[in-house]
Structures are given as structure tokens and as C-alpha cells.
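Keep the model open while reading.

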Amino acid sequence: MTRMQTISVLGATGSIGRSTLDVIARHPDRFRVAALTASRHVDDLAELCARHGAAYACVADASLATALKQSLARCGATAKVLCGAEGLVQAAALSEVDCVMAAIVGAAGLEPALAAARAGKKLLLANKEALVMAGPVFMDTVRRHGATLLPIDSEHNAIFQCLPVSLAGEPNTSGIRRILLTGSGGPFRSRPRSELREVSPDQACAHPNWVMGRKISVDSATMMNKGLEVIEAHWLFGVRPEQIQVVVHPQSVIHSMVEYVDGSVLAQLGNPDMRTPIAQALSYPDRIDAGVPLLDLYAMGALTFEQPDFERFPGLRLAYEALRAGGTAPSILNAANEIAVAAFLGGRLPFLKISEVIEETLQSIPCAAIGTLEDVIGADRRARTRAVHIVDRHRSRVA
Ligand code: NAD
Ligand code: MG
């Protein structure tokens, strides 16, 4: 008999949140939904609460608590309402919860993910930005409170599956020579830089293999997503920057590899569908059906590999530099990226300026050691202010 797991899904209305609920709904004998959270979309959230029988619903924008209550009543859902930053933390740390899916996008997801770690939960981490900005604090919190950290990012989940034992929260590189971190190269993999000047948000979000939220889709187009993942791999698996090699693999069938000192290279393959890593982590160490179609190798044909182009995609270089610089440099990188991507999505910054805003922010904010969470939050705040200023300066030049 498998024990029933009670789960909170933070960021339930998003791409990862919905894929998580899809897997959960396939196994009512294994999983029960505790809390579902969203930023502002109260009708979507209420509908999900009704469908999955959630006990709590949390809207991050506290001014929408009454609207959420009304929407839940219309759907016939009985979920209790939580709201604001405090509500997100409550949803993550409820005593009846065994497992938390951290799938809020961006820095907003840091505090609730940390709350889940502090409460010693099984923590399924999709929110890579949390780890990038607060790596040492995050891993220390996981260790000190005995939380179980399982990576959801498809590459890190693949690496986790290729490692000999559970290394969650226990960096241990014994026998590992390198991590080969694969990436599709995004929608602009083979476009010359001159053609990228005019690309629109919709073009940048049209990923060839994955359907994802808009922020991570733009990160894939700039390849900053791969850069963030290099930093994520460093913290999750305790590997040095020079041990992480990015390999462009346009088919997105191999989700990453681990190379050992004896020359063995282990890979994890699968269709590009996030329900696979989600199901792997939800049921770990068991295996459950994820609703993912069979991998048809006959239909697939050749798998190909290329070197990344650090000149066309400077975001990747900046991420390696920030990781090597250490301290708050990755927090500054992440904050500047969030501001620049939001500006691009809002039509206020051209695509090629995204990496320029990040580079200039990194150059103008001194990086310091990270001792506490406050160091991280301070660096994040300073970097955001600076990056907003750089974006505005660019706009006034254009106007
Ligand atoms: P998404 O934009 O589709 O969903 C984001 C979710 O977070 C939504 O539920 C939204 O309501 C909530 N949210 C947004 N801002 C918030 C705020 N300020 N406060 C509280 N909640 C807020 O994003 P996604 O594609 O599902 O990605 C979620 C996370 O998972 C990101 O960190 C991303 O990098 C990571 N990830 C996603 C994929 C993927 O395939 N989508 C793959 C790997 C990693
Ligand atoms: Mg990924």
C-alpha cells in the first residue's frame, strides 16, 4: 500500500502547476491536494480548486481575496481563502502537507519555497530563480531542516536520475567528472544576431519543443535559461563551474547527462513533456504513469549536438561569470534579467538589449558575500532599481 501524499502546488495556474495537477489527477489513490496558489487569476484558481478538491486557495495579490471568495462560491468550491505573501508561506508550510511543488515564476517564489524547506517538506523545485538568487542560503535551509529537495527542471531531474544515489541537499561529486547540460538552443538557435534586433515577444515565446510560461520562454530564447540552469546545477549537485558543460541538442530528447571519471556517460531520455520529471519527483523513489506518450525512436531519426555560441547568446557567458564571481553576483544577474525580460515582454526593450541591461547592472552593483537571506534580498532590490533605471535610460534615448 502506498501512503497518501498531501500536496500544495504553488503557482497552480501556470504551465508547471497545471502539468502537476494533471499528473496528480491520474493518481487519486496516491495524492490529495491541500493548497493551490496563483498570482492574480482568481477565476482560474477557483476552477482548479473545485476540480481538485483543494482545502485552501491562496491569491498572492491580497486585494483580490474577496474576488477569490466569490469565485470559489460560484464554482461550488469549499477551499478556505489565504492571501498575500503571508498566505503563500502558510500554503507552503501547512502541517498536513507532505509535499510542496514550488512553481511560482521568479524571485516571488523564494520565500514560500524557503518556508517549505524550513518546515522540512518534500520540496519539488521548479522555481530555479529561487536557487540562483539565494543558492547558499537555500541549500543550508534544506539541510538544516531535513527537507528533501527534488529538482523539477527537466535537465536537473535528468541529472538527478543519472546519479548513483539521492544527492538531494547533499552535494557530493564523487566519481563525477562533468555534467553535460543539454539545451535546445531556443527558437533563435540558428538565426544570425542581426536578425534578432526586431524580434517580437510572441516570436521569442514560440519555443520549438516546449510549451512554457512567457518568462522562461524568453529566457530560452536568450539562452539565459541555460545560464540560470548552470548556476542551479552548481548548487544542487555541488559541481564547479568548469565541470558543467552546456551542449546544444535541438531535439530535446536527451534531457542531460552525467560523465563519470571512468568515461561512462549516463543520459536520461524522454519526450519533451514536463509531466515526466514531475511524476518522477512526485512518486520518488517509485515510478508512476505520467500520461506521456511513448518515446518513438524509429520516428525520431538523428539526435544532434552543437557547441553553444557565447557571442550570439551573451546571457550564457554572463551567467558563468556571475557564478565564478560568487556571492551576490547571481542574485544581481537574476534580478536584472527579470526586469529586462518584463520590459521586453511589455514592449519597452528590444530583444538584444536584454543581455546589455544585465551586463551593465552587474558592472554597476558591487557584489558581496552572502551570509543571510537579507543579503540576498538587499542585492535583489538594488539590482532591480538599477536595472529599471537602465531600461528607462534606453527608452528615453529611443524616444
Ligand atoms: P507560468 O508563468 O506559466 O506560471 C507561473 C505561476 O506563478 C502562475 O501560477 C502565476 O500565477 C504564479 N505567479 C506569478 N507571479 C507571482 C507572484 N508575484 N506571486 C505569486 N505567484 C506568482 O510559469 P511556468 O512556465 O509554469 O514556470 C514556473 C517556474 O518553473 C519558473 O521558475 C520556471 O523557470 C520553472 N520551469 C518551468 C518549466 C516549464 O516547462 N514551464 C520548465 C522548467 C522550469
Ligand atoms: Mg530546463
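An oxygen atom of ligand 1 is 2.8 Å from a polar backbone atom of Gly 213, which is a polar contact (a pair of N or O atoms within 3.5 Å; within protein, one must be able to donate a hydrogen and the other to accept it, and residues adjacent in sequence count only if both atoms are side-chain atoms). Of the area that ligand 1 exposes when taken alone, 820 Å², the protein buries 85%; accessible areas come from the Shrake-Rupley method with a 1.4 Å probe, and for residues only the protein chains shown count as cover. Glu 129 places a polar side-chain atom 2.6 Å from an oxygen atom of ligand 1. The shell around ligand 1 receives two or more residues from each of α1 (15-25) and α6 (128-144). Helices (H or I, at least four residues) and strands (E, at least two) are DSSP runs, numbered from the N terminus.

The model is predicted: local features need pLDDT of at least 70, side-chain atom pairs count only at pLDDT 80 or more, and totals for chains, interfaces and linings use all residues. Residues are numbered from 1 along each chain as its sequence is written, chains are lettered from A and ligands numbered from 1 in the order in which they are written, and side-chain values use heavy atoms, with hydrogens and water left out.

Next comes the metal. Asp 153 (OD), Glu 155 (OE) and Glu 229 (OE) coordinate the magnesium ion (ligand 2) at 2.1 to 2.2 Å. Donors are N, O and S atoms within 2.8 Å of the metal (3.2 Å for Na, K and Ca); water is not among the atoms, so sites may look incomplete. Asp 153, in the loop between β7 (148-151) and α7 (154-162), and Glu 229, in helix α10 (residues 224-237), are 76 residues apart, and the pair links distant parts of the chain. Both Asp 153 and Glu 229 are buried (under 20% relative accessible area; exposed is over 50%, partly exposed in between; 1.4 Å probe, protein chains only).

Why is α7 largely enclosed by the rest of the structure? Eight of its nine residues are buried, among them Glu 155 and His 156.

Most residues other than glycine have a negative phi, and most peptide bonds are trans. Tyr 284 and Pro 285 are joined by a cis peptide bond, with omega about 5°. Ser 252, not a glycine, has a positive phi of about 50° and lies in the loop between β9 (244-248) and β10.
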